[in-house]
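Okay, thanks for coming, everyone. Let me put the model up and we'll walk through it together.

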Amino acid sequence: MPQYLVAGYLPDDFDPSQMDEAVGREIHALNEEMIAAGVRKFACGLGAAKSLRPQSDGGVLVTDGPYLETKEHIGGFWILECADMDEAVAWARKGVAATRGQVEIREIFFVPTPE
Amino acid sequence: MPQYLIAIQHPEDYDPSLEGEAMIRDIAALNEEMDAAGARFFAGGLESARHARSLRKQPGGGVSITDGPYLEAKEHVGGFWILDCADLDEALAWGRKAVVACRVPVEVRAFLRIRPKRESPGRGGSA
């Protein structure tokens with residue numbers, strides 16, 4: 001069955017300790033619903049970033065902070081196993097409602113393709 | 001053990017069909033090395049960002065769905081590993097190998113372990 005990344009975006013200055021309790025409860029309830037439906041492979045929130053860039057001399061430069069200079073970053077994600085994109089979209093709609101946030105869906109592929 | 005996301009960054013016009021055999025071998029070897037070390041929890045590539053769908057909350061409470069990535073950026077996450085590592089240094093060591101194998105920049109982020117005021121959503125099933 002195809003797998004999908006459902007990623008939630010947060011502003012740079014988001015502070016998880018200031019998150020409303022009702023939001024936390026709704027995200028928890030959505031996770032319970034996904035588990036009951038058997039679609040949830042993995043779920044998480046993300047912490048601070050470090051970036052690693054290849055250098056022309058073959059070395060790797062490590063810096064603090066996210067790789068992309070944007071005002072929003074992925075704050076967490078679900079990996080869901082769904083029949084198709086429509087089912088992933090239906091779960092992502094619930095993700096928008098529960099998190100009060102913005103969500104992106106990407107299909108995951110595997111090399112080599114699993115049997 | 002803490003878990004870390006190692007996300008590889010691709011230009012928006014990246015075409016995985018143009019990846020060379022040497023690079024594919026290097027990535028396969030890195031995956032095997034991660035498996036042998038017991039570090040690899042999950043790994044997957046992502047269909048290119050132009051195939052993404054983005055869902056935005058609307059002021060009226062509705063949700064709009066559009067084709068394409070959420071961020072208007074010239075690069076997007078092209079694939080990722082979820083690794084079990086003792087600490088950030090170990091995750092960065094794997095990240096360095098990922099930069100070399102994939103020939104692209106990567107971003108390393110720890111997963112949050114403390115969920116204040118509520119129960120942790122926990123970890124998903126094994127991938």
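So, start with chain B, where strand 2 (residues 40–46) and strand 5 (residues 75–84) run antiparallel and are joined by 5 bridges. When I say two strands pair, I mean DSSP finds at least two bridges between them.

Quick housekeeping. This is a predicted model, so local features need pLDDT of at least 70 and side-chain atom pairs count only at pLDDT 80 or more, while totals for chains, interfaces and linings use all residues. Residues are numbered from 1 along each chain as its sequence is written, and chains are lettered from A and ligands numbered from 1 in the order in which they are written.

Now, what pattern does chain B follow along the sequence? It reads β-α-β-β-β-β-α-β, with 2 helices and 6 strands. Chain B has 127 residues, and 35% of them count as buried. Buried means 20 or more other C-beta atoms within 10 Å of the residue's own, exposed means 12 or fewer, and partly exposed is in between, with C-beta atoms placed from the backbone.

Back to strand 2 of chain B, which also meets the other chain: 2 bridges join it to strand 5 of chain A (102–109), running antiparallel. There, A:Phe109 stands opposite B:Gly45. Strand 5 of chain A also pairs with strand 3 of chain B, again antiparallel, over 3 bridges, and A:Glu104 has B:Ser54 as its bridge partner.

How many residues does each chain put into the contact? It's 44 from chain B and 49 from chain A, where contact means C-beta atoms, placed from the backbone, within 7 Å. On the chain B side, strand 6 gives the most, with 6 residues. By class, that side has 23 nonpolar, 8 polar and 13 charged residues. For the classes, Ala, Val, Leu, Ile, Met, Phe, Trp, Tyr, Cys and Pro are nonpolar, Asp, Glu, Lys and Arg are charged, and the others, Gly among them, are polar.

On to the core. The largest nonpolar core has 58 residues, and A:Val6, A:Leu80, B:Ile6 and B:Leu83 have the most contacts inside it. Its largest share, 6 residues, comes from helix 2 of chain B. A core here is a set of buried Ala, Val, Leu, Ile, Met, Phe, Trp, Tyr and Cys residues joined through C-beta atoms within 7 Å. Leaving out residues up to four places away in sequence, A:Val6 touches A:Trp91 and A:Ile105, among others.

Over in chain A, the axes of helix 1 (residues 21–37) and helix 2 come within 8 Å and cross at roughly 160°, which makes the two helices roughly antiparallel. The residues of that contact split into 6 nonpolar, 2 polar and 2 charged, including A:Leu30 from helix 1 and A:Ala98 from helix 2.

Most residues other than glycine have a negative phi. A:Arg100, though, has a positive phi near 55°, in the loop between helix 2 and strand 5 of chain A. In chain B, B:Arg103 has phi near 60°, in the loop between helix 2 and strand 6. Buried or partly exposed, for B:Arg103? Partly exposed, because it has 14 C-beta neighbours inside 10 Å.

Methods. Helices (H or I, at least four residues) and strands (E, at least two) are DSSP runs, numbered from the N terminus. Two residues are in contact if their C-beta atoms, placed from the backbone, lie within 7 Å. Axes are lines fitted to C-alpha atoms, for helices over the stretch in contact, and angles run from 0 to 180 degrees between N-to-C directions. Angles under 35 degrees count as roughly parallel, over 145 as roughly antiparallel, 65 to 115 as roughly perpendicular and the rest as oblique.
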